[in-house]
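Good morning, and thank you for coming. Please look at the sequence and the structure on the screen, and I shall take you through some of the features in turn.

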Amino acid sequence: MKLLPFLVLISGLLDYGCTSASCNITCHKDARCEVWGGTTGCYCSQGYTGDGIRFCYDDNECENVTQPCGEHANCTNTVGSYFCMCVPGFKSSNGQQTFVPNDGTSCVDVDECSNEGTVACGDHAKCENVDGGFNCSCKEGYQPSTGKLQFKPNDGTSCQENPKAKCALYKDCITEHINKTLAGISHLKTPLEMLQEINKNTLGPLLPVDVISYVEALSYSSLNTMHYSVSDNEALCNTTINVLINTVNNFLQKDKIAVWEALPVDNQRRSLTKLLHTAEQATLLMSQNFKKTTQLDVNASDIALKVFAFDSHHMKHIHPHVYTGGDYIKISPKKREESHPNGTVAVVFLRYSNIGSLLSSPKNRSSKDTSEQRQTVSSSVIAVAISSNPPTLYELEKITFTLKYAKTADKDIKCAFWNYSADTMNGNWATEGCELTHSNSTHISCKCNHLTHFAVLMSSGGSVGVTNYNILTRITQLGIIISLICLSMCIFTFWFFSEIQSTRTTIHKNLCCSLFLAELIFLIGINMNSNKLFCSITAGLLHYFLLAAFAWMCIEGIHLYLIVVGVIYNKGFLHKNFYVFGYVSPAVVVGISAALGYKYYGTTEVCWLSTKNNFIWSFIGPACLIILVNLLAFGVIIYKVFRHTAMLKPEVSCYENIRSCARGALALLFLLGATWIFGVLHVVQGSVVTAYLFTIFNAFQGMFIFIFLCVLSRKIQEEYYRLFKNVPCCFGCLR
């Protein structure tokens with residue numbers, strides 16, 4: 001009896017919603033006759049809606065529910081149901097083409113650029129995967145034929161070699177591209193249109209020659225045409241200033257710093273100075289058009305600008321200053337006792353976040369570097385400019401600024417300004433008129449009595465500096481001239497006197513000829529880099545004759561070794577092999593180097609081998625190998641000579657033996673090219689001492705050769721004695 005209520009309940013549940021076998025109602029084809037709650041009726045099947053007898057309409061689940069398939073998927077309705085498919089660029093996580101919701105399936109991105117992808121962007125192009133798709137872009141050194149920076153395969157875009165990429169920044173190449181860039185904007189009528197065009201063209205990646213060309217175009221559009229198009233429309237001036245600052249910002253973004261660093265130091269400094277000068281002067285010029293008191297702020301990713309424009313009636317109430325990025329700048333005008341005449345004033349503040357590294361002394365200092373010490377810009381660079389009409393209306397008394405900087409131990413800190421010429425755009429850091437008023441571990445306060453670009457400098461020793469560089473240049477020039485004279489005397493001696501002819505004389509003669517030609521080419525053509533072809537030929541000849549000099553130095557060591565060891569050899573056969581090694585082996589090295597990297601012969605600064613891609617090792621490698629061979633031969637020779645001297649002269653003291661060996665060792669040291677060790681040390685250390693040692697030893701090498709091979713040679717002394725003995729004017733002196 002207790003189970004009866006439970007059985008009744010179960011029976012009722014089973015009867016609710018069941019299909020009746022004895023249903024006499026005629027239902028719609030998309031409906032079923034069922035019993036629900038004890039009532040028999042026609043009910044539309046799942047996916048349909050209606051009365052079940054007359055109609056059952058298909059439910060459109062794709063419209064009735066928001067995103068039934070989830071993100072990155074499309075819903076497709078079917079009769080009585082629906083299914084989901086991932087949009088192009090995505091695939092289902094279960095690997096099936098279609099799926100239904102709520103089964104755990106989602107749409108994931110397809111990496112078209114992976115190894116499994118089917119995308120082929122074409123030759124000289126690279127694929128970049130993005131969410132739901134991909135983009136093709138040209139590799140460095142190539143440009144899209146349609147001008148689109150990003151493209152898709154088969155849209156007619158191909159990657160063509162960019163002629164600018166071949167531009168090695170020589171004068172002719174730079175001039176050509178500047179002219180093309182200026183021609184591309186010269187048809188535009190207003191400065192704003194020119195700025196917008198330059199802004200569009202500098203948004204993407206730039207080549208070094210693009211930086212130079214577009215800076216020139218920016219200067220042309222901003223300064224050369226601005227005064228012809230001064231407008232009273234303040235809104236237009238406001239827009240133009242905004243476009244100008246954003247265009248300058250395109251050049252100085254972090255991803256463009258590497259392009260600037262690829263420029264030679266001189267081009268880099270000149271173009272950067274012109275860019276800063278253009279931004280300051282163009283903004284100042286346009287700010288004069290504001291007819292009422294105005295404060296304008298423009299902030300880009302790497303530049304901040306603030307402009308104050310006011311008339312003489314508001315001078316007492318406006319105190320131009322700016323606080324941005326942790327830096328504070330304020331200007332103080334001179335006090336005027338007389339009443340202010342009617343006029344206007346414009347004050348411009350600029351702050352640059354990322355150009356400090358470009359204005360620091362280069363790590364690999366160029367020959368024309370003008371810094372006494374290695375100088376590092378450790379703060380942002382700020383600029384202040386004032387323009388008033390009349391000019392005496394608003395005169396500066398002082399500018400005070402506090403800059404945030406990165407302190408480094410054992411560094412000299414100072415306030416400095418960028419001192420440049422508006423005509424040449426050449427500049428350098430100077431400290432005149434600026435003084436440090438306070439500093440701590442994070443900020444430094446300065447006071448200056450003039451306007452320009454300011455920054456905090458940290459100086460460290462260890463560089464050569466302009467004074468030492470000038471001295472070293474004079475030493476090099478004097479040493480090479482003396483060496484050329486001495487080498488010519490050596491060549492004359494070895495050719496003229498028949499009594500001294502021997503294998504060693506032949507070696508010395510060829511060594512002197514190679515070194516004479518190398519030093520003559522160096523003296524004449526090392527700085528003639530305006531013509532690319534001439535510079536490359538000069539670098540190739542210099543490479544060849546220096547290697548030839550090294551080869552004959554190596555032959556000298558080998559020959560001395562054969563003499564000391566006592567090897568018997570055929571003189572004619574040995575001479576033939578000496579000539580092959582002395583002149584053919586350097587030609588082989590230069591030929592292979594030129595075939596593999598001819599474009600690295602000659603740089604934009606000097607006509608010598610480029611350091612790019614370690615090409616300089618085509619000279620350093622063979623030179624170091626020869627020096628190593630000579631040093632090994634040198635050690636064996638010294639050992640043999642010492643033992644030989646001790647055996648032949650037992651009565652000579654040990655001190656005399658050492659002095660005799662030292663004299664021979666000194667001669668071999670210069671003859672076998674050990675002076676180049678100082679060159680390697682200078683590259684490693686970069687100190688003043690190693691610079692002077694290498695310069696003196698290398699520049700005067702010809703003189704040392706003349707002294708050791710001719711002046712100190714008893715045989716040659718006797719030959720010159722016999723020569724001058726027959727000259728009446730010299731015979732008295734010889735007696």
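Let me begin with a question: over the face of which residue does Lys152 lie? The answer is Phe134, and Lys152 is 5.5 Å from the centre of that ring. Please keep in mind throughout that this is a predicted model. A second case of this kind involves Trp495, where the charged end of Lys509 sits over the ring at 4.1 Å from its centre.

Let me now step back to the protein as a whole. It has 20 helices and 26 strands. The chain has 735 residues, and 45% of them are buried. If we take contacts between residues at least 6 apart in sequence, 62% of them join residues at least 24 apart.

I turn next to one residue and its surroundings. Leu195 belongs to helix H4, which runs over residues 191–201. Is Leu195 buried or exposed? Its relative accessible area is 0%, and Leu195 is therefore classed as buried, the cut-off being under 20%. Which residues surround it, if we set aside neighbours within four places in sequence? Leu195 is in contact with Leu218, Ser221, Ser222, Thr240, Val243, Leu244 and Thr247. Consider Leu244 in that list: Leu244 and Leu195 are separated by 49 residues in sequence, yet their C-alpha atoms are 6.4 Å apart in space.

This leads us to the packing of helices. Two packed helices are described by the angle between their axes and the distance between the axes. Helix H6 covers residues 234–252, and its axis comes within 9 Å of that of H4, with a crossing angle of roughly 25°. An angle under 35 degrees counts as roughly parallel, so H4 and H6 are roughly parallel to each other. Their crossing is left-handed. On the H4 side, the residues that meet H6 are Leu192, Leu195, Gln196, Ile198 and Asn199. Their partners in H6 include Leu236, Thr239, Val243 and Asn250.

Helix H11 spans residues 503–525 and helix H18 spans residues 701–711; their axes come within 11 Å and cross at roughly 160°. That angle is over 145 degrees, so H11 is roughly antiparallel to H18. The crossing of H11 past H18 is left-handed. Here His508, Leu511, Cys512, Leu515 and Glu519 in H11 meet Gln701, Gly702, Ile705 and Leu709 in H18.

My next topic is aromatic rings. How many aromatic pairs does the structure hold? There are 17. One of them is formed by Phe55 and Tyr57, and this pair is stacked, with 4.9 Å between the centres and 25° between the planes. Tyr57 is exposed, at a relative accessible area of 55%, while Phe55 is partly exposed, at 27%. Another pair, Phe492 and Phe497, is edge-to-face: the centres are 6.5 Å apart and the planes are at 75°. Within this pair, Phe492 is partly exposed, with a relative accessible area of 41%, whereas Phe497 is buried, with 4%. Both belong to one aromatic cluster, together with Phe496 and Tyr720.

Which two residues does a cis peptide bond join? They are Asn389 and Pro390, and omega is about 5°. Pro390 is found in the loop between strand S20, residues 381–389, and strand S21, residues 396–404.

Two residues have a positive phi although neither is a glycine. For Asn154, phi is about 65°, and this residue is in the loop between strands S12 (142–144) and S13 (159–161). For Met425, phi is about 60°, and its place is the loop between strands S22 (412–420) and S23 (427–430). Are these two residues buried or exposed? Asn154 is exposed, at 82% relative accessibility, but Met425 is buried, at 7%.

Thank you for your attention.

Definitions and conventions: Residues are numbered from 1 along each chain as its sequence is written. This is a predicted model: local features need pLDDT of at least 70, side-chain atom pairs count only at pLDDT 80 or more; totals for chains, interfaces and linings use all residues. Side-chain values use heavy atoms; hydrogens and water are left out. Helices (H or I, at least four residues) and strands (E, at least two) are DSSP runs, numbered from the N terminus. Buried means under 20% relative accessible area, exposed over 50%, partly exposed in between (1.4 Å probe, protein chains only). Contact means heavy atoms within 4.5 Å. Rings of Phe, Tyr and Trp (its six-membered ring) pair if their centres lie within 6.5 Å; planes under 30 degrees apart count as stacked, over 60 as edge-to-face and the rest as tilted. A charge sits over a ring if NZ of Lys or CZ of Arg is within 6 Å of the ring centre and within 35 degrees of the ring normal. Axes are lines fitted to C-alpha atoms, for helices over the stretch in contact, and angles run from 0 to 180 degrees between N-to-C directions. Angles under 35 degrees count as roughly parallel, over 145 as roughly antiparallel, 65 to 115 as roughly perpendicular and the rest as oblique. A crossing is left-handed if the near helix is turned anticlockwise from the far one by less than a right angle, and right-handed if clockwise.
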